[in-house]
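Thanks for coming. I will take a few minutes to walk through one model, chain by chain.

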Amino acid sequence: MPVSSDPLIWIAAFYTIAATSYAFRDNILFKFSENTYIGAAAGHAIVMGIKNIRDYGWAHIMKGEMIYWVVFVLGVMLYFRFHRQYYWLYRYPIAFLVGNGVGISIRAAIHSDFIKQIIETAKPLTGATAFDTFNNIIIFIGVITALSHFIFTYEGMHKGTLGWMPKVGRWMILLALGASFGNTIMTRFGQYQGRILFLLRDWLGIVA
Amino acid sequence: MAILTEGRLVPLVAFILAWIATYLAIQLGKQGKIRIRRIPGLDAIEEVVGRAVEMGRPVFDIIGMGSFTSIYATQTVAGLSILSYVATLCARLGAKLYAPQADVGVMPVAIELVRDAYRSEGKLEELDVDEQLPYLSGTQFAWAGGIIGMAARMKPAGNIMIGPFWAESMMFAESFNRAGSMQVGGTARMYQIPFFAAVCDYVLIGEEIFAAGAYVSGDPLQIGSIASQDWYKLVALILGIIGALLATANVPVIQNLLSM
Amino acid sequence: MSAWEKLTALPREIVLGLVLIAMILPTLKPLGLPLMVGTMAKDWYDTVDALPSGSVVLFDIGFGSGGYPSLGPATIAALHQMFEKDLKIILMATALEGSMMYPLIMNKVKPEENYGAVYGEDYVFLGYIAGGQTAMAGVLGDLHAIVSTEYTGKPIDQIPLLKGVEGAEDISLVAYITTSGDTSEGWVYQAYSAYGKDVVGGMLSMMTTSMKPYYDSGQLKGLLDGVKGAADMEFLTRHPGDAIKSSDVLSFSQTLVLIFIIVGNISYWGVKTSEKEGR
Amino acid sequence: MDARRDIPLVITFLVGVIAVMDYYTTFSAVKETFTVIKNWGVVLNAFALGLGAVNLFRVHGRRISERKRSDWPFSAWLLLMLVIFVLVGLGTGQFDASDQYQWIYNALYLPIGATMYASLCFYMSYGAYKILRARNLDSFLLFVTAIFVVLGNTPLFPALFPPFFHIREWIFKAVVGGAYRGIRIGVGIGAVVLGIRTLIGMETGYLGRR
């Protein structure tokens with residue numbers, strides 16, 4: 001395959017190299033690509049915002065649902081944030097967004113993060129095989145001790161007979177964090193490999 | 001027709017109790033009835049400042065790029081509480097503090113807290129806000145670049161990073177390490193904790209930063225909400241232990257009860 | 001400088017140059033090492049495989065350019081399986097750039113060519129919907145009350161596939177692939193917790209550990225662990241793509257990182273012990 | 001009642017409580033109200049997408065007009081990019097679905113977005129060489145699992161010695177499965193308590209300056 005003759009690929013290749021260059025040294029090409037990125041991202045956000053306002057707001061007004069004018073007023077009020085005197089008007093729509101965002105996530109969090117996790121913990125420790133039992137016990141100790149590590153206002157948890165629990169908890173947490181760290185390494189390389197493929201395949205045509 | 005959605009009884013009860021617990025714990029906190037544990041991470045912070053005094057080099061305290069309006073606001077608040085504590089230590093012991101800023105909304109609060117700390121130690125004249133709490137940039141890589149430059153120039157003795165952090169933490173940790181700084185890191189952003197744990201001399205894991213912030217600030221609101229969370233964690237712990245033991249003895253009563 | 005210190009004295013440019021070489025070499029000459037499939041990806045595959053043909057799947061493209069290199073291949077492989085199974089797929093995007101990923105992905109999947117699928121009857125793309133969890137709850141609650149047009153602006157009452165889909169009760173499976181922790185938790189909250197739907201999720205590897213408790217407690221039926229999960233899916237669906245290609249890159253680059261860590265630590269402890277002896 | 005502070009707090013409370021009731025109760029009035037709230041939430045979130053751009057115009061507009069900093073041409077370039085994206089997006093009337101828009105996205109946005117964070121792998125590697133040290137018990141424990149996970153993640157090692165893969169699977173099953181469940185419970189409860197504090201008006205950071 002020959003080197004690409006598509007200007008799009010050439011521009012993209014330039015930006016790929018420019019964005020990488022920062023890892024080696026701060027330089028003007030990186031700054032150029034960074035500013036391109038910030039501008040493009042903000043522009044893209046506006047385009048998507050207007051499209052959504054048309055499809056999810058204006059469409060309702062066209063159907064005669066006049067109450068949707070309220071949300072347009074609220075939407076405009078967001079931009080009073082930059083006004084010297086009437087900045088507080090933006091608090092109305094923000095309050096709506098925060099109330100909705102908070103309500104919609106915490107109502108289920110108590111189920112998914114708390115009750116379901118206790119149910120999962122309150123299972124028999126014995127398994128089908130000796131190895132399963134061993135695993136169940138490790139998991140059980142992990143859950144209990146990790147939880148105890150994050151209890152801060154009950155002194156008895158960290159001193160005396162129970163004092164071993166948070167200590168073991170910290171070790172268990174660090175072991176688990178190690179797995180996360182190992183995976184983070186994979187994330188970054190897995191991501192960059194995609195750019196290498198782009199440069200060698202789509203741009204230079206060296207590999208198929 | 002049933003009023004409650006099916007299978008949601010236990011979550012609802014837990015939810016309402018959480019509501020009550022939060023309110024109650026904050027009231028108890030206001031009355032000073034809740035004591036919070038001093039976590040070892042604070043000793044590490046003191047060590048950093050002490051080391052800086054010995055070496056005659058500055059201390060950095062980075063609170064991250066968080067703002068008061070994002071969902072990471074509580075982490076920023078914890079970072080600010082620690083900043084105030086570090087500023088007090090620096091003023092008292094005579095170490096020079098640098099705390100570069102990235103958010104225009106948070107910056108005035110940070111300046112005020114540091115000023116108060118220096119004032120209460122009677123060292124206000126030693127503080128130069130423009131030099132020590134400069135605004136670098138609100139853009140991730142520009143902000144990271146600015147701090148990397150400062151670290152390379154000043155060779156700080158210590159670096160304390162507590163607050164919400166993103167990918168830039170990796171750049172900070174590397175540059176301060178190269179500058180020979182002792183580092184204490186802490187964040188509740190789960191994806192960045194492993195990295196702090198790997199490179200810092202001491203790490204505050206997740207909610208430890210809230211506990212540390214509440215401890216040093218003595219703010220009843222923060223202490224109270226930590227207490228209410230503790231009650232829930234205790235419940236989870238106890239139900240987990242009892243439930244597992246009962247289930248092992250073939251009595252899965254806790255499981256059945258919670259599935260209601 | 002002692003011999004121990006010299007071990008870690010290579011200049012930055014050389015170290016990074018080595019890393020670049022470790023990524024370029026295997027791209028030029030792949031090794032084609034065998035792949036061992038993880039249980040989390042296998043569970044995703046089996047969950048989809050167990051659906052009867054004609055079942056409706058809601059599929060969220062929850063990533064943009066930042067996640068494209070590793071999550072793009074995962075999405076492509078996952079969609080291959082779904083089209084092959086003749087499932088009806090409603091795609092949407094909770095990520096701002098998700099709608100820009102859609103054409104890139106579909107150019108690789110080619111549902112019309114490969115599976116004779118018809119847009120509007122077998123699959124449809126709703127485009128980006130703002131609001132994160134609000135959008136999820138909206139689509140699952142009452143799809144027709146919230147969405148009025150699909151991606152290109154065609155009214156949804158002209159889309160045959162959506163005629164029979166009112167909300168969560170008509171959807172058999174919710175699948176998402178994302179770079180965002182909030183999106184990942186959000187689908188568990190809004191689809192599993194609120195409607196008891198089966199959910200499968202794919203995410204960056206660095207998020208996997210945080211989401212694992214949901215998988216363990218059955219709230220996620222399957223989980224794709226970043227580029228590794230993507231490679232597993234490509235292998236399972238027999239559509240080898242960029243993720244399997246990247247396996248070789250991982251072999252080289254991560255081995256190099258392991259060597260760095262080992263050399264670095266030898267140097268560190270060497271310096272420490274020699275300092276002690278010197279005292 | 002202060003229109004600047006109290007009314008927003010009331011709005012937050014009401015909207016939040018309706019969201020919660022929608023989940024727990026079967027009242028049809030609540031369900032219908034919440035459907036409207038969800039739709040409004042989507043539209044308002046869409047409106048909020050322009051806030052960042054307004055901020056950029058303020059900051060960079062000032063830099064361009066003052067020309068005090070030597071890097072003001074970058075600011076001009078940034079705003080030019082912003083305007084180009086908006087013009088191409090709106091000009092075709094098809095927003096993100098037009099070929100022209102996809103072209104500028106694939107040329108100017110995607111390569112940088114895909115590379116910027118990926119290039120952190122270089123920091124990671126250099127960090128591995130220079131600073132990842134088992135300097136104390138904490139980091140030692142972290143490295144033990146990290147190294148085994150990397151060994152399992154790297155196709156080369158399981159190909160040579162399959163148990164590496166099974167060790168990795170076991171670490172995820174037992175070690176991660178345990179500790180992270182504890183962490184998840186803590187994080188979940190933390191979010192619930194913070195949410196409740198927000199709804200009852202004890203957490204007002206989102207209101208901005210006083």
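In what order do the elements of chain D run from the N terminus on? They run α-α-α-α-α-α-α-α-α. That is nine helices and zero strands in chain D. Helices here are DSSP runs of H or I with at least four residues, strands are runs of E with at least two, and both are numbered from the N terminus. The radius of gyration of chain D is 26 Å, well over the 17 Å that the globule rule gives for 210 residues, so chain D is more spread out than a compact globule. That radius is taken over C-alpha atoms, and the rule is 2.2 Å times the number of residues to the power 0.38.

Some housekeeping before I go on. This is a predicted model, in which local features need pLDDT of at least 70 and side-chain atom pairs count only at pLDDT 80 or more, while totals for chains, interfaces and linings use all residues. Residues are numbered from 1 along each chain as its sequence is written, and chains are lettered from A and ligands numbered from 1 in the order in which they are written.

Back to chain D. Its C-alpha trace spans about 65 × 55 × 40 Å along the principal axes. Of its 210 residues, 57% count as buried. Buried means that 20 or more other C-beta atoms lie within 10 Å of the residue's own, exposed means 12 or fewer, partly exposed is in between, and the C-beta atoms are placed from the backbone. Of the contacts in chain D between residues at least 6 apart in sequence, 22% join residues at least 24 apart. A contact is a pair of residues with C-beta atoms, placed from the backbone, within 7 Å. Chain D is divided into domain 1 (6–49), domain 2 (51–116) and domain 3 (120–197), with bounds from an automatic or database domain assignment. The C-alpha centres of domain 1 and domain 2 of chain D lie 34 Å apart.

Next, chain A against chain D. How many residues does the contact take from each? It takes 93 residues from chain A and 104 residues from chain D. On the chain A side, α4(A) gives the largest share, 24 residues. The residues of that side divide into 59 nonpolar, 25 polar and nine charged. Nonpolar covers Ala, Val, Leu, Ile, Met, Phe, Trp, Tyr, Cys and Pro; charged covers Asp, Glu, Lys and Arg; the others, Gly among them, are polar.

Now one helix in detail. In α3(A), the buried residues are A:Tyr68, A:Val71, A:Leu74, A:Gly75 and A:Met77. Seen down the axis they fall within an arc of 160°, taken from the directions from the helix axis to the C-beta atoms, so they line one face of α3(A). On the other side of α3(A), A:Trp69 and A:Val73 are exposed. The buried residues of α3(A) pack against α2 and α4 of chain A, together with α2 (28–48) of chain D.

What do the buried residues of α5(A) pack against? They pack against α4 and α6 of chain A, α10 (220–248) of chain B and α9 (163–199) of chain D. Among those buried residues are A:Asn136, A:Phe140 and A:His149.

Last, chain B. There are 11 helices and five strands in chain B. Its C-alpha trace spans about 70 × 35 × 35 Å along the principal axes, and 55% of its 260 residues are buried.

Methods. Contact = placed C-beta atoms within 7 Å.
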